[in-house]
Amino acid sequence: ETFDQARVVSRVQLRRSQSSSAVSSPAPLEELPDGLAGLSYTAAVELFNVWSLQEPAPYLERKPFRKMLQSMSLAGESHSKLDADSIFDALDPNQSGRISKSRFLCWVFQADRNKLHLKEPLMIEFYADDSLNQAYRWIKMHLRLHYATSQVTMAFVPSSSDAIRLGSCKIVAKLGRGVVLWDRGSNIAFEQDPFEDPYTLERWFEDVFLAAVSNLLGVTTK
């Protein structure tokens with residue numbers, strides 16, 4: 001069983017053609033609602049946790065999915081019950097009535113499972129200035145205690161690159177549209193900076209980074 005983007009689109013189109021209640025056609029599924037498209041990994045997981053049932057394993061049911069989609073709609077966006085059900089059905093090919101966390105993340109980050117495999121490791125890019133090079137090496141060293149280079153690899157992108165401003169820090173897993181694990185520019189207002197001291201770095205590594213890697217590898221294999 002895999003996440004098939006073409007199947008998702010075809011199911012959405014079928015639902016639309018079968019219903020006369022749809023007044024206007026929403027954007028293709030590849031174009032996420034604006035409220036979801038900008039989510040970081042932490043925000044996406046928190047959103048899933050807010051609307052999901054946690055026992056016996058985390059999953060999201062149809063009715064909460066509808067409410068979640070509506071709650072994340074920005075001004076000018078509208079998602080009907082029909083649209084939400086079309087997406088839900090496509091993400092639930094076994095008709096189990098529930099969506100797993102890895103499947104939800106796969107959709108949010110537009111990671112087509114059919115194109116993902118373990119022949120290539122998950123790439124994580126660490127954009128920062130040289131002051132955080134030691135923290136990068138610490139993360140990379142401790143990552144090796146959990147995953148081989150054939151599973152996950154990291155690369156440091158220094159501030160001399162045009163992609164980053166001096167003093168900023170951004171960690172991105174190169175999966176789908178890109179999964180932001182940390183962005184000092186946008187996360188610092190509501191999350192503690194993991195690079196504040198060795199204690200916060202270790203706690204962030206254990207609580208956020210390793211959990212993210214586990215979930216993202218799950219996206220590629222389940």
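How many of the 5 residues of strand β5 (residues 169–173) are buried? The strand is mostly covered, with 4 of its 5 residues buried, where buried denotes under 20% relative accessible area, exposed over 50% and partly exposed in between (1.4 Å probe, protein chains only). The model is predicted, so that local features require pLDDT of at least 70 and side-chain atom pairs count only at pLDDT 80 or more, whereas totals for chains, interfaces and linings use all residues. Residues are numbered from 1 along each chain as its sequence is written, and side-chain values use heavy atoms, with hydrogens and water left out.

Strand β5 belongs to an open sheet of 4 strands in the order β4-β3-β5-β6, with mixed pairing. Strands (E, at least two residues) and helices (H or I, at least four) are DSSP runs numbered from the N terminus, and two strands pair if DSSP finds at least two bridges between them. The edge strands, β4 (152–157) and β6 (179–183), each pair on one side only. On average, neighbouring strands of this sheet are turned by 15° against each other, direction ignored. Strands of a sheet pair through backbone hydrogen bonds, either parallel or antiparallel.

Strand β3 (residues 122–128) runs parallel to β4, to which 6 bridges join it, and pairs with β5 in the antiparallel sense over 5 bridges. Phe-126 has Phe-156 as its bridge partner in β4 and Ile-171 as its bridge partner in β5. Ile-171 in turn has Trp-182 as its bridge partner in β6. Strands β5 and β6 are paired in the antiparallel sense over 4 bridges. Their hairpin has 5 residues between the strands, and Gly-176 there takes a positive phi near 60°.

Helix α7 (residues 133–143) lies across β3 and β4 and runs at about 175° to β4. Such angles run from 0 to 180 degrees between N-to-C directions, with axes fitted as lines to C-alpha atoms, for helices over the stretch in contact; contact means heavy atoms within 4.5 Å.

A further packing arrangement involves helix α3 (residues 41–51) and helix α6 (residues 101–108), whose axes lie 11 Å apart at an angle of about 130°. The two helices are therefore oblique to each other, as angles under 35 degrees count as roughly parallel, over 145 as roughly antiparallel, 65 to 115 as roughly perpendicular and the rest as oblique. The contact is made by Tyr-41, Ala-44, Val-45, Leu-47, Phe-48 and Asn-49 of α3 together with Lys-101, Phe-104, Leu-105 and Val-108 of α6.
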